[in-house]
Amino acid sequence: MIPGHVAIIMDGNGRWAEKKSLPRACGHKQGVRNMKEIVNAASGLGIKILTLYAFSTENWKRPQNEIEGLFSLIRQFLKEELGELNGSEIKLRILGDLSKFPKDITADIESACEITSQNTKFELNIALNYGARQELIRAFEAMSKQGIKEPTEETVSSFLYTSGQPDPDLLIRTSGELRISNFLLWQIAYSEIYVTDKLWPDFTKEDLKIAVAAFQKRKRRFGGL
Ligand code: IPE
Ligand code: IPE
Ligand code: MG
């Protein structure tokens, strides 16, 4: 079975650049190029939802020039890719708190989400200024404001950024780190985890196929037998 929802922690752009004695920014640029490859590959494989971790709530700790460089790449991505995303019937959703981003980026994101909102072939979630703890606090606050005192698991899920979407079946992390880094803590409760040493810019559609094949060999028990 092809996993319906795949989430990826796209890690290793900096190391990719350092290995080639290039500035870290080159790694991020190559990382964005690779996002496009993997979105197409995922759609081609029959995956329905792809969630990509692009910027965490902790990534603000990075040097200002690296953050500015990432903003430029986001701007470029939205400008250059919107037509193709829409043409490929991809619905874009952003997971995260956009209020901390420059206004022009927020506006471009809102319009890209609006333009692609009726697409049904494939869903692309990009996690930007995303932190799972922040997402949960936001959900608890919203539930409290609405007077919900006895939430069920479904209620909590419906207040998350991924509302309405099934949980990831497969979580991939590139670059070998064995940690979650505050990604989708609630949603990955029963996701299969696949970690590869490949750095994100080197992660190809063949690698995605290998990860899916590994997933297909797993026996998911969900606590049962
Ligand atoms: C992942 O690559 C992209 C972001 C976090 C924005 P890194 O920039 O974390 O790359 P490494 O981990 O330093 O190699
Ligand atoms: C996780 O990568 C966040 C993204 C890929 C956007 P990090 O490079 O920020 O994670 P840590 O710091 O190694 O845990
Ligand atoms: Mg990293």
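An oxygen atom of ligand 1 is 2.7 Å from an N or O atom in the side chain of Arg62. This is a predicted model, in which local features need pLDDT of at least 70 and side-chain atom pairs count only at pLDDT 80 or more, while totals for chains, interfaces and linings use all residues. Residues are numbered from 1 along each chain as its sequence is written, chains are lettered from A and ligands numbered from 1 in the order in which they are written, and side-chain values use heavy atoms, with hydrogens and water left out.

View 1. Besides the contact with the side chain of Arg62, oxygen of ligand 1 lies 2.9 Å from a backbone N or O atom of Gly14 and 3.2 Å from one of Asn13. Of the 370 Å² of accessible area that ligand 1 has on its own, the protein covers 87% (Shrake-Rupley method, 1.4 Å probe).

**View 2. The shell around ligand 1.** Residues near ligand 1 (a heavy atom within 4 Å) include Met10, Asp11, Arg24, His28 and Ala54. Helix H1 (13–19) and helix H2 (24–45) each give two or more residues to this shell; the largest share, three residues, comes from H1. Helices are DSSP runs of H or I with at least four residues, strands are runs of E with at least two, and both are numbered from the N terminus. By class, the shell has two nonpolar, five polar and four charged residues.

View 3. Taken alone, ligand 2 exposes 390 Å², of which the protein buries 79%. Strand E2 (residues 49–56) gives the largest share of the shell around ligand 2, three residues. Tyr53, Ala54 and Phe55 are among the residues around ligand 2.

**View 4. Ser191 in its loop.** Ser191 lies between strand E5 (170–173) and strand E6 (192–195), in the loop. Ser191 counts as buried because its relative accessibility is 11% (buried is under 20%, exposed over 50%, partly exposed in between; 1.4 Å probe, protein chains only). A polar atom of the Ser191 side chain lies 2.7 Å from the backbone oxygen of Pro168.

Methods: Polar contact = N/O pair within 3.5 Å; in protein donor to acceptor, adjacent residues only side chain to side chain. Nonpolar A, V, L, I, M, F, W, Y, C, P; charged D, E, K, R; others polar.
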